[in-house]
Each structure stands twice: as structure tokens, then as C-alpha cells.
Amino acid sequence: NVPLVWVKDNFPFVKYSHDCDEKYGSEYCNPTKCASTSAPGTTCADLIDQYPDDMWSRPTVFDKERWAANKVPCPWAPISNWGRPWWPDTTYTLKRIVMADGSPHPVFWNEWLEHTKDKI
């Protein structure tokens, strides 16, 4: 019985808002870290105002107590790291890149193209 991912609170999705860190905690949402790379000079607050339904935070916070009891060693980690999560806590920012009508998002589509241009 190998635990692949032991996380706290499952995988919550938190809609970005100006006070999402106050509602859910800064480990689940940071309303200052969502600015677009394709819209220089635009802040996260600007994007929340302009596109309030187009960004979500998806944090992965590992349950350290359950990992401490884990007897399955990480195959690529040194013995000194056994009993700790195999990966760091990570928060992903999810952004809508295509609108409901199939058109590209006015900001995030270009960001996606830029992100993937060297990966194809």
C-alpha cells in the first residue's frame, strides 16, 4: 500500500480575490502572486478586478505528520530525507486561457503561448 500523495485538505481550488488570503490563509491563496507575464505593468489586483472569474489557486500542502509515519522511502532521496514529504508544498495558479465561446482569453492566452513556445 504505497501512498503516492498525502496532502492536507485534499486539493482545494480557491478563486482569487483581493482577500482570499484572509479567507483561506496565505498558504492557500496569495492575491499578490498572480500577475501575468504577458501584460507587463499589470498587477495581480488589476487582473482580479478585470477578470474575477478567471484565476484560481490550487495549493498542495503535504501532511507532515502522515509523512513522518511513512515507512516507504523515497527512491531518489538520501536516507536523511526519509519520513519527510517527497516534494515541497506547492501552490499552482490556474488561469483560464480560452473563453466559453472558444475565443482566446485577452491576457492569459498570450501568457500560455509564451510559456509553451519552446516546449513544442
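From the N terminus on, the elements of this protein follow the order β-α-α-β-α-β-α. The structure is a predicted model. In total, the protein contains 4 helices and 3 strands. Two residues, Asp-54 and Leu-94, receive particular attention below; Leu-94 is among the residues in contact with Asp-54.

- The protein has 120 residues, of which 30% are buried.
- Among contacts in the protein with a separation of 6 or more, 60% are between residues 24 or more positions apart.

- Asp-54 is located in the loop that runs between helix H2 (44–50) and strand E2 (55–60).
- Asp-54 counts as buried because its relative accessibility is 6%, and the cut-off for buried is under 20%.
- The side chain of Asp-54 makes a polar contact of 2.7 Å with the side chain of Arg-96.
- Leaving aside neighbours within four places in sequence, the residues in contact with Asp-54 are Leu-94, Lys-95, Arg-96, Met-99, His-105 and Phe-108.

- Leu-94 belongs to strand E3, which covers residues 90–95.
- With a relative accessibility of 32%, Leu-94 counts as partly exposed, a class that lies between the limits of 20% and 50%.
- Together with Phe-13 and Tyr-92, Leu-94 forms a nonpolar patch on the surface.
- The accessible area of Phe-13, Tyr-92 and Leu-94 together is about 310 Å².

How values were computed. Residues numbered from 1 in each chain as written. Predicted model: local features only at pLDDT ≥ 70, side-chain atom pairs only at ≥ 80, totals over all residues. Heavy atoms only, no water. Patch = residues over 30% accessible without salt bridge, like charges linked within 9 Å, V, L, I, M, F, W, Y side chains within 5 Å. Areas by Shrake-Rupley, 256 points an atom, 1.4 Å probe, with all protein chains shown as cover. Salt bridge = Lys/Arg side-chain N within 4 Å of Asp/Glu carboxyl O. Helix = DSSP H or I, 4+ residues; strand = E, 2+ residues; numbered from the N terminus. Buried < 20%, exposed > 50% of the residue type's maximum accessible area, 1.4 Å probe, protein only. Polar contact = N/O pair within 3.5 Å; in protein donor to acceptor, adjacent residues only side chain to side chain. Contact = heavy atoms within 4.5 Å.
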